[in-house]
Amino acid sequence: MSRSVRTSPEGSGQALSEAYDTALLDLDGVVYAGGNAIAYAVESLATARAGGMHLAYVTNNALRTPDAVAEHLTELGIPTGAADVITSAQAVARLISEQVPTGSRVLVIGGEGLRVALRERGLEPVESAEDQPVAVVQGYGGPELAWGRFAEACYAIARGVPWFASNTDLTIPSARGIAPGNGAAVEVVRIATGAEPQVAGKPLPPMHRETILRTGAERPLVVGDRLDTDIEGAFNGDVDSLLVLTGVTDGAQLLAAPPQHRPTYVDADLRGLLTGQPEVIEAGKSFRCGGWTATAGAELELEGDGEALDGLRALCAAAWTAAGEGSCGLDGGKALARLGL
């Protein structure tokens with residue numbers, strides 16, 4: 001079935017927390033950064049929850065267990081149970097369990113989150129290629145993960161053992177900046193073996209399936225800061241999404257987004273859950289939102305005044321319409337500078 005190409009952010013007459021039953025929230029860059037809560041996150045999530053919205057936290061980081069993530073969120077002032085946390089470790093463990101017998105040994109290259117998820121699926125984590133594993137699973141193991149762990153994976157894969165990866169995010173944010181993520185570690189094993197892993201995490205369908213199975217969401221809204229994981233994951237799952245600008249995505253990247261990276265809604269932070277969303281109106285070859293009018297000519301042009309986010313929404317409509325099924329290559333630097341973005 002063909003899917004229509006999004007050419008503009010949508011409007012909503014209802015607060016998003018009322019229009020959707022469940023928020024599927026990314027963590028890093030959305031709820032917290034460097035371990036600390038992002039501005040307005042705690043208050044906004046409390047208000048959304050009090051209004052009846054179910055909050056679930058969805059992370060590609062396979063290192064920490066759901067219990068550890070829930071404890072961290074609770075310490076930040078966001079009361080959370082382990083059942084409200086869905087990790088890529090859980091998604092990849094289910095993927096493996098569907099292909100091997102219960103009780104099978106699985107070689108783990110990663111942290112405790114993977115081991116707990118495998119045991120939940122009736123699988124036995126092992127540490128060596130000599131332990132006769134029937135699968136290899138690789139997930140983020142933290143900065144202390146020893147180089148020899150990659151060698152164990154390679155030995156098993158070379159013997160024909162199938163290889164699985166929790167996710168392939170090349171980077172992960174840390175308190176000191178951007179660090180190599182599990183995707184970088186996966187590349188090490190890929191180069192050494194020439195093999196290709198089965199991948200479970202965002203933006204791929206196994207992660208979305210795991211999330212829906214665990215939350216029972218009927219009208220979910222994916223909330224994230226990354227176009228290539230959160231927003232693409234929502235696109236692949238055919239559900240709506242809210243991009244917040246508290247993480248890695250900037251205005252230029254948003255304007256250049258191809259169809260699978262275009263969010264349904266755009267807002268500054270998690271306060272966007274508590275409000276409606278303004279409509280972008282087509283006006284001839286231009287697009288209006290709030291007090292701003294955007295046009296795609298030789299470059300992206302912006303006229304008017306008002307809320308910066310309204311100007312960004314209008315620019316998105318102009319850029320995405322001009323790009324169609326591709327990625328907009330028009331220069332939007334001057335327009336974004338007017339908005340302070």
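Visitor: Which residues lie nearest the centre of the largest pocket?
Guide: Tyr 140, Gly 142, Pro 143, Ile 172 and Pro 180 do, within a lining of 31 residues. This is a predicted model: local features need pLDDT of at least 70, side-chain atom pairs count only at pLDDT 80 or more, and totals for chains, interfaces and linings use all residues. Residues are numbered from 1 along each chain as its sequence is written, and side-chain values use heavy atoms, with hydrogens and water left out.

Visitor: What makes a space a pocket, and a residue part of its lining?
Guide: A 1 Å grid is laid over the protein atoms alone. A cavity is a set of points where a 1.4 Å probe fits but cannot get out; a pocket is an open set with protein on both sides within 12 Å along at least five of seven lines. Lining residues have an atom within 4 Å of a point, so the 31 residues are called lining.

Visitor: Which element gives the most to the lining of the largest pocket?
Guide: α7 does, with 4 residues.

Visitor: Why is Gln 132 called exposed?
Guide: Exposed means over 50% relative accessible area, buried under 20%, and partly exposed in between, with a 1.4 Å probe and protein chains only. Gln 132 has 58%, so it counts as exposed. It sits in the loop between β7 (124–126) and β8 (135–138).

Visitor: Where does Asp 238 lie, and why is it called exposed?
Guide: Asp 238 is in the loop between α9 (227–237) and β14 (240–244). Its relative accessible area is 52%, so it is exposed as well. Asp 238 also has a positive phi of about 60° without being a glycine.

Visitor: What makes such a phi worth a mention?
Guide: Most residues other than glycine have a negative phi, and most peptide bonds are trans. The bond from Lys 202 to Pro 203 is cis, with omega near 10°.

Visitor: How do you know that β13 and β14 pair?
Guide: Two strands pair if DSSP finds at least two bridges between them. β13 (residues 220–224) and β14 are joined by 4 bridges, so they pair, and they run parallel. Val 222 stands opposite Ser 241 in β14.

Technical notes:
Helix = DSSP H or I, 4+ residues; strand = E, 2+ residues; numbered from the N terminus.
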